[in-house]
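I opened the model to look up its charged contacts, its nonpolar surface and its annotated region. My entries follow in the order in which I checked them.

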Amino acid sequence: MGGILRLAVAWASVAAFWWFGKDWLGDLASPLWASLLFAWLLAVILWAAFGVVHEAEELAEMLGEPFGTLILTLAIVIIEVALVSAVMLSAKAAPTLGRDTMFAVLMIVLNGVVGLGLLVGGLRHHQQSYNLQGASAFLAVIIPLTTIALIIPNFTTSTPDGSLTQFQAVAFSIFTVALYGVFLLIQTGRHSDFFKDPRARAEAERTEAVEAPAKHRASAGMVVRHIGLLVANILPIVLLSKSLATILDHGIAALGAPSALGGVLIAAIVFTPEGISALKAIARNELQRAINLCLGAATSTIGLTVPAVLAIGLISGQTVILGLSPTGMALLAVTLILSGLTFSGPRTTVLEGAVHLILFFVYLVLIFSP
């Protein structure tokens, strides 16, 4: 019943903004009116995003890992790309939005969610285990992807501002897509066991011969149903993203807020449901699922957002600045090093969580400092 109500509200909002959106968004001079529209769109998009997470979790139960979390991360990143694209195309002057959004996702996921999760998990379960090979595979892709996307543009001599030439933009897009594509082949192919909890995998092997065939037969129709519901929850978010982008761009300009705030808000809107899902998994002592969600989100964000943002820049003629500031590069480097150390052993503790969380608060201070 809740799912039907959520879809009804989401699609009714789409219809309302389709018919009346031009008039509603034509005059945002009234702070109260702009705030009400923003609150409406934010609530609907968040509610639909929770619906995406719910349907993806249902599919995860049916398909097993790593397919369940892969579906969720890809769905969430599609929403992120839609929001970033809408803001870029509506604002026409957001050269750093893609960079700010990707950096915000990395800080929120790798420091905020991971830090809070490991802290809560350590306090509740003392030590938590996971599949070290899977975490290592994620980091082996995240490190070069983030370096290519957010650091190297600062050191190219063709442009002085952290942007890329047309040739470099095309080449970097191909590199990121190719690397992400290889990772997906590994994750869903011969090394899919890397992304499964060793304890759950052993249990599944003992029961697979008896239970798996019946489960697959019974769930075939349900898989199609939940895929349809997943798409039905994603589409309203994509269709409402342009309206939200218009209000967001107006609000940042009116308040004189830092330009990076747009990227932070998009990242927070998109990844709040997934972050909550990861924290719930850690509370259940399912650290492997949380790692698949968090590190998978970071991998998918860079692998898909970079080519999308660069393509929009090339098509629309906008300048896209990817290179981080020196402070941002330092914080990213520390985060990557710390993530490598955190996931270098088979168990995690409270200490790693506390350190990641401190780095997240450092990021917030830097964003909101005048």
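For the first entry I took a salt bridge to be a side-chain nitrogen of Lys or Arg within 4 Å of a carboxyl oxygen of Asp or Glu. I kept in mind that this is a predicted model. On that basis I found that the structure holds 2 salt bridges.

I looked up one of them at aspartate 100, whose side chain meets that of arginine 99 with an N to O distance of 3.2 Å. Because buried means under 20% relative accessible area, aspartate 100 counts as buried at 9%, and arginine 99 counts as buried at 16%.

I then turned to glutamate 286, which is joined through its side chain to arginine 284 by a salt bridge of 3.1 Å, N to O. Here I noted that glutamate 286 is partly exposed, with a relative accessible area of 31%, and that arginine 284 is also partly exposed, at 46%.

Next I asked which residues make the nonpolar surface patch of about 420 Å². I listed Trp11, Ile227, Val231, Leu235 and Leu239, and I noted that helix α7, residues 198–255, gives the most to this patch, with 4 residues. Leucine 239 has its place in helix α7 and is partly exposed, with a relative accessible area of 47%.

Last, I checked the record: in an unreviewed entry, UniProt lists residues 35–188 and 227–368 for "domain: Sodium/calcium exchanger membrane region". For residues 227–368 I read 84% helix and 1% strand, with the end C-alpha atoms 39 Å apart.

How values were computed
Residues are numbered from 1 along each chain as its sequence is written. This is a predicted model: local features need pLDDT of at least 70, side-chain atom pairs count only at pLDDT 80 or more; totals for chains, interfaces and linings use all residues. Side-chain values use heavy atoms; hydrogens and water are left out. UniProt positions are given in the numbering used here, feature names are shortened, and annotations may be inferred rather than shown by experiment. Helices (H or I, at least four residues) and strands (E, at least two) are DSSP runs, numbered from the N terminus. Patches are made of residues with over 30% relative accessible area and no salt bridge: like charges are joined within 9 Å, nonpolar side chains (Val, Leu, Ile, Met, Phe, Trp, Tyr) within 5 Å. Accessible areas come from the Shrake-Rupley method with a 1.4 Å probe; for residues, only the protein chains shown count as cover. Buried means under 20% relative accessible area, exposed over 50%, partly exposed in between (1.4 Å probe, protein chains only).
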